[in-house]
Amino acid sequence: MKLFKTKQLMAYKEMILGIDVFSPPTKDVYAFIEEEADTTVSSIHKHDYFSNISLSTIKRAVTILLSHDLIEINRCNQDRRKQLIRVKV
């Protein structure tokens, strides 16, 4: 698939999901959470893709997504200190 067609498809999918109005880092965090259900802020930050994005930017993105009711956070049953993030269904 050509790059422009891929970008068009991406823009369309972002619009359908309601994330088209967010900053690129917020969209990236949402995409990661969608791919890696029950992830944590720490695991997002440690992923190579986010190596040039600060922890505070990732936390801000999670807060924005939470405030728009697109994701949910639950405590891990095995380790109550962990907050597991997933996309709301």
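Colleague: In what order do the elements run from the N terminus on?
Modeller: The order is α-α-α-α-β-β, in a model that is predicted. The chain's secondary structure amounts to 4 helices and 2 strands.

Colleague: And what does the C-alpha trace span along its principal axes?
Modeller: About 45 × 30 × 20 Å. Of the 89 residues, 28% are buried.

Colleague: Where do the charges sit, how many Å apart are their mean positions?
Modeller: There are 14 positive and 11 negative charges, and their mean positions are 3 Å apart.

Colleague: Let's go inside. How many residues has the largest nonpolar core?
Modeller: The largest nonpolar core has 17 residues. Those with the most contacts inside it are Val29, Tyr30, Ile33, Ile44, Phe50, Leu65 and Ile71. At least two residues of this core come from each of helix 2, helix 4 (55-67) and strand 2 (83-87).

Colleague: Pick Ile44 from that list. Which residues is Ile44 in contact with, leaving aside neighbours within four places in sequence?
Modeller: Val29, Phe32, Ile33, Thr39, Phe50 and Ile58. Two of these, Val29 and Ile33, are also on the list of core residues with the most contacts.

Colleague: Nice. Now Thr26: which helix does Thr26 lie in?
Modeller: Thr26 lies in helix 2, which covers residues 24-35.

Colleague: Buried or exposed, and why?
Modeller: Thr26 counts as buried because its relative accessibility is 3%, and the cut-off for buried is under 20%.

Colleague: What does the side chain of Thr26 make a polar contact with?
Modeller: With the side chain of Ser23, at 3.0 Å. Setting aside residues up to four places away in sequence, Thr26 also touches Ala61, Ile64 and Leu65. Leu65 is one of the core residues with the most contacts.

Colleague: Let's step back along the chain to Ile19. Where is Ile19 found?
Modeller: Ile19 is in the loop between helix 1 (3-17) and helix 2. Ile19 is buried because its relative accessible area is 4%.

Colleague: Which residues does Ile19 touch, not counting those up to four places away in sequence?
Modeller: Glu14, Lys27, Tyr30 and Leu70. As for Ala31, its C-alpha atom is separated by 9.9 Å from that of Ile19, and the two are 12 residues apart along the chain.

Colleague: Switching topic: what is the phi of Asp38?
Modeller: Asp38 has a positive phi of about 60 degrees although it is not a glycine. Asp38 sits in the loop between helix 2 and helix 3, and it counts as partly exposed because its relative accessibility is 35%.

Colleague: Thr40 next. Where is the place of Thr40?
Modeller: Thr40 is in the loop between helix 2 and helix 3 (41-46). At 15% relative accessibility, Thr40 counts as buried.

Colleague: And which residues is Thr40 in contact with, leaving aside neighbours within four places in sequence?
Modeller: Gln83, Leu84 and Ile85. Strand 2 covers residues 83-87.

Colleague: What about Asp69, where is that one found?
Modeller: Asp69 is in the loop between helix 4 and strand 1 (71-75). Asp69 has a positive phi of about 60 degrees although it is not a glycine. It counts as partly exposed because its relative accessibility is 48%.

Colleague: What does the side chain of Lys88 make a polar contact with?
Modeller: With the side chain of Asp69, at 2.5 Å. Lys88 is in the segment after strand 2 and counts as partly exposed, at 34% relative accessibility.

Colleague: Which residues is Lys88 in contact with, again leaving aside neighbours within four places in sequence?
Modeller: Asp69, Leu70, Ile71 and Glu72. Ile71 is among the core residues with the most contacts, and Leu70 is also touched by Ile19.

Note on methods. Residues are numbered from 1 along each chain as its sequence is written. This is a predicted model: local features need pLDDT of at least 70, side-chain atom pairs count only at pLDDT 80 or more; totals for chains, interfaces and linings use all residues. Side-chain values use heavy atoms; hydrogens and water are left out. Buried means under 20% relative accessible area, exposed over 50%, partly exposed in between (1.4 Å probe, protein chains only). A polar contact is a pair of N or O atoms within 3.5 Å; within protein, one must be able to donate a hydrogen and the other to accept it, and residues adjacent in sequence count only if both atoms are side-chain atoms. Contact means heavy atoms within 4.5 Å. Lys and Arg count as positive and Asp and Glu as negative; His and the chain ends are not counted. The place of a charge is taken as NZ of Lys, CZ of Arg, CG of Asp or CD of Glu. A nonpolar core is a set of buried Ala, Val, Leu, Ile, Met, Phe, Trp, Tyr and Cys residues joined through side-chain atoms within 4.5 Å.
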